[in-house]
Amino acid sequence: MGVRGNSFPRIFAFMGLLFFPESLMKLSNRVAVITGGASGIGLASAHLFAREGARLALVDRDAAALEAASAALSAEGAEVMVFASDVGAPGAAEADAAAVLARWGRVDVLMTAAGFSTGGTVLTTTPEDWDAVLRANLSGTWLWARAVLPAMRAQGSGSIITVSSQLARAGGRGNSAYIAAKGAILSLTRSMALEFAAEGIRVNAILPGAIETPLLARSFARHADPAVPRAASIARHPMGRLGRPEEVAEAALFLASDASSFTTGSEILVDGGWLAG
């Protein structure tokens, strides 16, 4: 059957590039805050969200990487704010969120992708490392949710996307603080989902497997021969490879958009079959 008239939205071409009308973009004119936005899963999500029309506020401790991310996104036409901040520092999230609200007047999406790991068992992890890991992963998630929830409640809508790990379900060796923090993030996610569902706010978690990120590379580098844990991690995934940040970003886009309008308190696995195996 042929296509007649205006049966499909028009797609415009210019110099070999395709431009889609805003009506086709999943996050058109929405404001998304992404912590850990200068690299890995956070940066991949920022690029995807920008292509879908979102205005972006990126938070990261790495100021140089943050500026590079901002420049790349701006070159693609995205509106970007950046904050070189420690997500676990008291008061930082409130101040940064206030600046976002002063510029754009709303926050529609919060993705807490900031993460940190030192490795170590319960016996070898120092109290200082324990505090640093929980501060970056768990406290950073809680503080940023706390900072944007008043605005989301006032506007009657919002999506909070936490980033946990398949290790929160499977467990693991030699990374006790990180795994504990990621497990706590799941519990916090469910609690927030229940507390704010009636106000139009959805809260969901993504559980990635081993993803090709700087965080994973640093984890492998703690071993005498990084190739050994890398090979073991690949073998643990039934799909026979590590994941890509862009693959996790696609799950984040689903949770950020109206496609997940009846989804809250959920855990989305992007783990290459790790937990199934």
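Asn-29 lies in the loop between strand 2 (17–19) and strand 3. The model described here is predicted. In this model Asn-29 has a positive phi of about 65 degrees, although it is not a glycine. The residue is partly exposed, with a relative accessible area of 44%.

Strand 3 (residues 31–35) pairs with strand 4 in the parallel sense, over 5 bridges. Within this pairing, Val-33 has Ala-57 of strand 4 as its bridge partner. Between the two strands the chain passes through helix 1 (residues 40–51), and this β-α-β crossover is right-handed. On strand 4, a parallel pairing with strand 5 (residues 80–84) is also found, again over 5 bridges. Here Val-59 has Phe-83 of strand 5 as its bridge partner. Strand 4, helix 2 (residues 63–75) and strand 5 form a right-handed β-α-β unit.

How many residues of strand 4 are buried? The count is 6 of the 6 residues in strand 4 (residues 55–60), so this strand is largely enclosed by the rest of the structure. Both faces are covered. One side carries Arg-55, Ala-57 and Val-59, and the other carries Leu-56, Leu-58 and Asp-60; all are buried.

Strand 8 was examined in the same terms. In strand 8 (residues 201–208), 8 of the 8 residues are buried, so the strand is largely enclosed by the rest of the structure. Both of its faces are covered. Ile-201, Val-203, Ala-205 and Leu-207 are buried on one side. Arg-202, Asn-204, Ile-206 and Pro-208 are buried on the other. Strand 8 pairs in the parallel sense with strand 7 (residues 158–163), over 6 bridges. In this pairing Ile-161 stands opposite Asn-204 of strand 8. Strand 8 also runs parallel to strand 9 (residues 267–270), to which 4 bridges join it. There, Pro-208 has Val-270 of strand 9 as its bridge partner.

Helix 7 (residues 214–221) was considered next. Its buried residues are Leu-216, Ser-219 and Phe-220. These residues lie on the same side of helix 7, because they cover an arc of only 95 degrees around the axis. Helix 8 (227–236) is included in what covers them.

Helix 7 also takes part in the largest pocket. This pocket holds about 1,300 Å³ of space. Its lining comprises 50 residues, and Ser-117, Tyr-178, Leu-215, Leu-216 and Ser-219 lie nearest its centre. Helix 1, strand 4, helix 6 (176–196), helix 7 and helix 8 are the elements that give two or more residues to the lining. Helix 7 gives the most, with 6 residues.

Pro-245 brings together parts of the chain that are apart in sequence. This residue is in helix 9 (residues 245–256). Is Pro-245 buried or exposed? Its relative accessibility is 11%, and the cut-off for buried is under 20%, so Pro-245 counts as buried. Neighbours within four places in sequence aside, Pro-245 is in contact with Gly-40, Ile-41, Ala-44, Ile-211, Glu-212 and Thr-213. For Thr-213, 32 residues apart from Pro-245 along the chain, the separation between the C-alpha atoms is 7.0 Å.

Methods. Residues numbered from 1 in each chain as written. Predicted model: local features only at pLDDT ≥ 70, side-chain atom pairs only at ≥ 80, totals over all residues. Heavy atoms only, no water. Buried < 20%, exposed > 50% of the residue type's maximum accessible area, 1.4 Å probe, protein only. Arc of directions from axis to C-beta. Contact = heavy atoms within 4.5 Å. Pairing = 2+ DSSP bridges. Right-handed = clockwise from strand over helix to strand, strands pointing away. 1 Å grid on protein atoms, 1.4 Å probe; cavity = no way out; pocket = protein on both sides within 12 Å on 5 of 7 lines; lining within 4 Å. Points joined across faces, edges and corners; volume = space filled by probe spheres on them.
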